[in-house]
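Q: I have a model open on my screen and would like to learn how to read it. Could you take me through some features, one at a time?

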Amino acid sequence: MIKLKINNIEIQVENGTSVMKAAEKLGIHVPNMCWHNELEHFTSCMLCLVKDGSGRLFPSCSVQAAEGQEIITDDVEISEARKTALELLLSEHVGDCEAPCQIACPAHMNIPQMNRLIAAGKMTEALEVVKRDIALPAVLGHICPAPCEGACHRKTVDEPISICLLKRITGYEGTEPEIVKVQATGKKVAVIGSGPAGLAASYYLQIKGVQVTLFDKNEKPGGLLRTVIADELLPKEILDKEIEAILATGVQFKGNSEIDTVGFQQLKTDFDAVILATGVLPENSSFFGLKSTPKGIIADKDSYQTSDPKVFAVGNIIRSSRLAVRSVGQGKEVAFSVLQFFKGQQPTGEPRIFNSRFGKLVSAEFSEYLKESVPGKRVFPFKGGNSGFTTEEAIAEAKRCLHCDCRAIDNCKLREYSHQYNADQKRFKTSERRNITKQNNHNLVIFEPQKCIKCGICVRLSEKYGEKLGFTYIGRGFDVEINIPFNEALDKGITLVAEKVAAGCPTGAISIKDNLK
Amino acid sequence: MTDNFQNIDKIIAEKGSSKKSLIPVLQAIQDEYNYLPEEALRYLEEKTSITAAEIIGVASFYKQFRMHPVGKHIIKICVGTACHVKGATLVHDAFKRHFNLKETEDTDKNGNYTLEKVSCLGCCTLAPVVQVDGITYGHVAADQVDQVIADFESQQGKPKAKKYRHADGSEIKGEIRIGLGSCCVASGSDEIRKEVEKVAGENHLRVKLKHVGCVGMCHQVPLVEIVPNEGEPTLYAKVKPEDVKKIVETHFEPPTLLSKLKNKLFSFAEDIQTDRHWEGVERYEISMREKPVASFLGSQVPIATEYRGIINPVDINEYKTRGGFSALEKMFKLLSPDAVLNEIKNSGLRGRGGAGFPTGVKWELVKKEKSDLKYLICNGDEGDPGAFMDRMLLESYPYRVIEGIIIAAYATGIHEGYFYIRAEYPLAVKRIRKALEVCYENNYLGADILGSGFSLNLQVYEGAGAFVCGEETALIASIEGSRGFPHIRPPFPAQKGLWGQPTLVNNTETYAQVSYIIREGSEKFKNIGVEKNSGTKVFALAGKVARGGLIEVPMGITIRQVVEEIGGGIANGRKFKAVQIGGPSGGCIPAEYAETPINYESLTEMGAMMGSGGLVVLDDTDCMVDIARFFLSFTQDESCGKCTFCRVGTKRMLDILENITSGKGKPGDLEELERLAHWTKKGSLCGLGKTAPNPILSTLKYFRHEYEAHINGVCTTGKCTALITYSVNDKCIGCTLCAQKCPVDAIAFKPHEKHFIDTSLCIKCDACRAVCPEDAIDVK
């Protein structure tokens, strides 16, 4: 047995235990990417660097615990080293985590997944995906200026995916998701203003077990959607239908109730939290006595909390944008903050996780991306501009989506650690990036070599399980690649370990093809 | 492929069919085809237990292996440090233009020539050097590419190209160096020069007359040094004009009558060449190697290079008559293994591979391991740009290295050993193979050596070319038939090395010092050098010194002594700026620290490193940012790619340096470069990555202002082509020479008029400036 100290805690481990495993015994997780529990240590990623008593950094996966060692697994220097290692890896990791459209969407909607479900003819499932982020799918499908389409990679190839119209059809064709009964929180929230922001906030709070009362100065809910937007642009029956679905979750709507400062103070005592979503207030407004600028109420940009901790503000009341999708998105996010507030946490808003991004597609990459798509220009509704897609048109259009989002989005060590260490992918953007390629001929897995960080797990697993060809290193140094020998195709190279290497890959370079996830 | 691969069956039968034979098998296949045809590799996979992944992984790792057919002839352009500072890049670019090659191409359309950049051909004083198959061309200028190719082709089909030839086909006998430092001139060296020219003229001798600066032996002036093509250079001190005839005739045989008549056709001016007015190409044999600097110059002490130039490398009797194997005999007669170990420990000998680990301690670690099977490896995997000590020792003193190895094996109880030598060093491989054979015949190797009861078997393993294999764990991986990936230490090779057995890995030069210690006693060895740094170190002295070559100096000698006393000071009247010591792992020490003694600690303290012993002298025309970029491009290219900091870190540092030297630097780059250098040093897995930032850190430390100037768009030395422009000034006399030389027609041919350079066409190859007789080309 070996006795050592890790972060000043004494521990005894068996002879031959690595420092990383010893730390694990104490419940201390040391980040690692090239380590795999079926394989010998390899010492490639260098993320598991720790420090010994002399201040020397060494990779803990490969060094055995030694008698009397005093190990530090985390301090400012170690974090800086790990962050630098991650930034170096990110500089050669060419790939998007979330698709550009999702990042561009003010409501951060999972557009690629919606597209894939539509392409599979699953309108109800698609609607369910949309409604995770957008409470008014068909409404926005009529009026959204679609910033997502501006960011669409397909735009570089030929024309962007018609995302907005696809979203619209989910609202028309999909069946509203069933309202799942959750346990009531016992909390009550007043939402003032039933425009897109107030409606969205009400919806996402109500389905989480918060009793929402939604006030509006008008008789009917909808705010500017009802009062300003022309019927030809947004048919009233669509608006009514989607508002109906929101109210059906249990939101109590109180029309004809204009809230003044006195009324507001009353609501603050009657409710556990108040969300202001009144729309633009006049410049001479008292802003309900909250801290403000002439442009609107001051609210935290992530949590939407105002100077009064139990009051939140979203939509045009904080800044006039006249962008319904932004208001809808803020409504969703403020619900998250309010729930945090109720749990006694510091409201932070929905967490935004690190995203790897590579910028625009270049022409050499078009054909690679099209491997997961279909050729052909954008589909236009047969009946003309504002009429919307038929189901067939929608399916055809949705198939044009390039699947830009990474399959390992929720299962990527590189992303997870980059987030944890606040890594900056642009730090080492010192020369041209590599061109993306995709190997898609395997029926189980897809291989995107430019996401690879050369940890060698797939090479070593191929060897261990006796693949005839398997993955190998080709070349050396910065230009080293992982690929199948003799330029053989992926399906020929990987016959035994496809699932294993996909599960073992720490960066989503090899991943299981399941298009509906 | 038309054959049935019977040849490959034969290779497998001869070399083996398991993974450990992979590299020798691939080398043999490449010998057959000139490259590794895919069909042949597939056949190999089918016929052996070696997997496709292993074959491709290994074949693509080592530089020696080519996956595509090459041209009939290989043009190796040396881009080692000495060649780099003398314009090798311009020469390489000129060859590319000559064959009309695109960025990624290396073989011309007709498949006749393949261009290859090599790290060092080992003839730094001829820099820039180009080797076409078996012929070496020295002092090649960018505008001589046509001549080199023409000359090479003129030699085809001839039985054996004469060595040391001039482009006109006559033979150059050697070099006569005359000191033209102020003391020499004052003492009458100009008289001597005239006399030499006269004697050479009378005898129709084709010798190269070289004027060298002060050699630091001012009390001995005037000096004449005769450097024949073969053998030891000789230096004559206090030469009088009447001595000259005898000196010259002693060294150079006058040509036969026939050739005398032929030579009459040429003017005298063409017969004697100096550095300044040289138009032809110089041709040498492939075995052309650096000549050692005369051993009595400065304070040199030959130990590893004892009797240099005197003994025939493979003649065992010559070695024996000069004390060879007497250490071995003494050891077997008088010393126990422990006593040998104590001698080595007491001598203070440290690893000459660069890191300076105490040799005795290393031996003791191996000795201590309880194992029936232990291995010994002689690390001869050099690959530094501008360092070739190991190669020279293996080529010139094979028996001395073997003797050292036998002593080491005896002390540590090892009976199996390997010489790891690069396949690119065919002469070293050949000589060691021959020497091993002779040693077996004479019972210096094999069972019961000299009746001592001790036995040792040694064999040669030809490395396939990867700088990282100088790192001992990578070297071991390579012998085992794997990619040269280093492994974390511990376990050290002493505990768990080759095939998992305790293994002693020492550098060639370390072994070469061992026999001296045993023969002369550790105390005597300890008296050479300084405390904690005993003995000598061999350096490849090159760059802007008057006299470059291999030197062996006692530890603790100062940089100034090396540059001035041995190297003869800076050539061409330029100013001494810095020395680069230790190659890609080392750093630059500026002239103001020339009093720094050369030992492991002091060099490290200065930000340099002993490294493997490259010592390149730089003058005021050298750009320090360019030097840093040069070394980084080497290490980046040689990184094995295993760990993040080295694989990506060296690449990003190189990116930043390339941006800076191409005018794309921006504020903040230097700080980022420094931070990244810091982390690469701290976080890399092996010595290659850990030392790769040294050239950057040391130049940033001493020459930061040069970096800052580049970021502001100025390269004061004009080395960074993106930051300079060529123009013609008013001194132009309209001689049209520049227009004739310009390879891209950027200068219009206008006799008697001032010429003009079209900067949109100019490729900054420097041909115009080099040819201009009036100094009318400005570089700004």
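A: Let us begin with strand pairing: two strands pair if DSSP finds at least two bridges between them. Keep in mind throughout that this is a predicted model. Here is a case: strand E19 (residues 576-581) of chain B and strand E21 (residues 614-619) of chain B pair in the antiparallel sense over 5 bridges. Within that pairing, B:Gln580 stands opposite B:Val616 in E21(B).

Q: Which other strand pairs with E19(B), and over how many bridges?
A: That is strand E20 (residues 587-590) of chain B, antiparallel to E19(B) over 4 bridges. E19(B) and E20(B) form a hairpin with 5 residues between them. In its turn, B:Gly582 has a positive phi of about 95 degrees.

Q: Why is E19(B) described as largely enclosed by the rest of the structure?
A: The idea is to count neighbours: a residue is buried if 20 or more other C-beta atoms lie within 10 Å of its own. In E19(B), 6 of the 6 residues are buried, so the strand is largely enclosed by the rest of the structure.

Q: How do I read a strand such as E1(B), with partners in both the parallel and the antiparallel sense?
A: Take the partners in turn. Strand E1 (residues 73-78) of chain B runs parallel to strand E2 (residues 113-118) of chain B, joined by 6 bridges. There, B:Cys78 has B:Val118 in E2(B) as its bridge partner. With strand E3 (residues 130-132) of chain B, E1(B) pairs in the antiparallel sense over 3 bridges, and B:Ile75 stands opposite B:Val132 in E3(B).

Q: What is the strand order in the open sheet of 4 strands in chain B?
A: The order here is E13-E12-E11-E14, with parallel pairing. Strand E13 (457-463) and strand E14 (503-507) of chain B are the edge strands, each pairing on one side only. From one strand to the next, the twist averages 20 degrees. Helix H18 (residues 398-412) of chain B packs on this sheet and touches strand E11 (375-380), E12, E13 and E14. The direction of H18(B) makes about 150 degrees with that of E11(B). For a closer look, strand E12 (residues 416-422) of chain B and E13(B) pair in the parallel sense over 7 bridges, with B:Arg422 opposite B:Gly463 in E13(B).

Q: Which residues of helix H5 of chain A are buried?
A: For a helix, list the buried residues and then ask what covers them. In H5(A) they are A:Met123, A:Glu125, A:Ala126, A:Leu127, A:Val129, A:Val130 and A:Lys131. That is 7 of the 9 residues of the helix (residues 123-131), so H5(A) is largely enclosed by the rest of the structure. The cover includes helix H4 (111-119), helix H6 (137-143) and helix H9 (163-173) of chain A.

Q: What do the buried residues of H17(A) pack against?
A: Their partner is helix H2 (76-91) of chain A. The buried residues of helix H17 (residues 413-420) of chain A are A:Lys413, A:Leu414, A:Arg415, A:Tyr417 and A:Ser418. Just after this helix, A:Asn422 takes a positive phi of about 55 degrees.

Q: Now the two chains together: how many residues of chain B are in contact with chain A?
A: The size of an interface is often given as the accessible area lost when the parts come together. Here we count residues instead: 32 residues of chain B are in contact with 36 residues of chain A. Helices H3 (38-47), H4 (52-59), H25 (624-638), H26 (644-661) and H27 (669-683) of chain B each supply at least two residues of the side that touches chain A. The largest share, 10 residues, comes from H26(B). By residue type, the chain B side divides into 13 nonpolar, 9 polar and 10 charged.

Notes:
Residues are numbered from 1 along each chain as its sequence is written. Chains are lettered from A and ligands numbered from 1 in the order in which they are written. This is a predicted model: local features need pLDDT of at least 70, side-chain atom pairs count only at pLDDT 80 or more; totals for chains, interfaces and linings use all residues. Two residues are in contact if their C-beta atoms, placed from the backbone, lie within 7 Å. Ala, Val, Leu, Ile, Met, Phe, Trp, Tyr, Cys and Pro count as nonpolar, Asp, Glu, Lys and Arg as charged, and the others, Gly among them, as polar. A residue is buried if 20 or more other C-beta atoms lie within 10 Å of its own, exposed if 12 or fewer, and partly exposed in between; C-beta atoms are placed from the backbone. Axes are lines fitted to C-alpha atoms, for helices over the stretch in contact, and angles run from 0 to 180 degrees between N-to-C directions.
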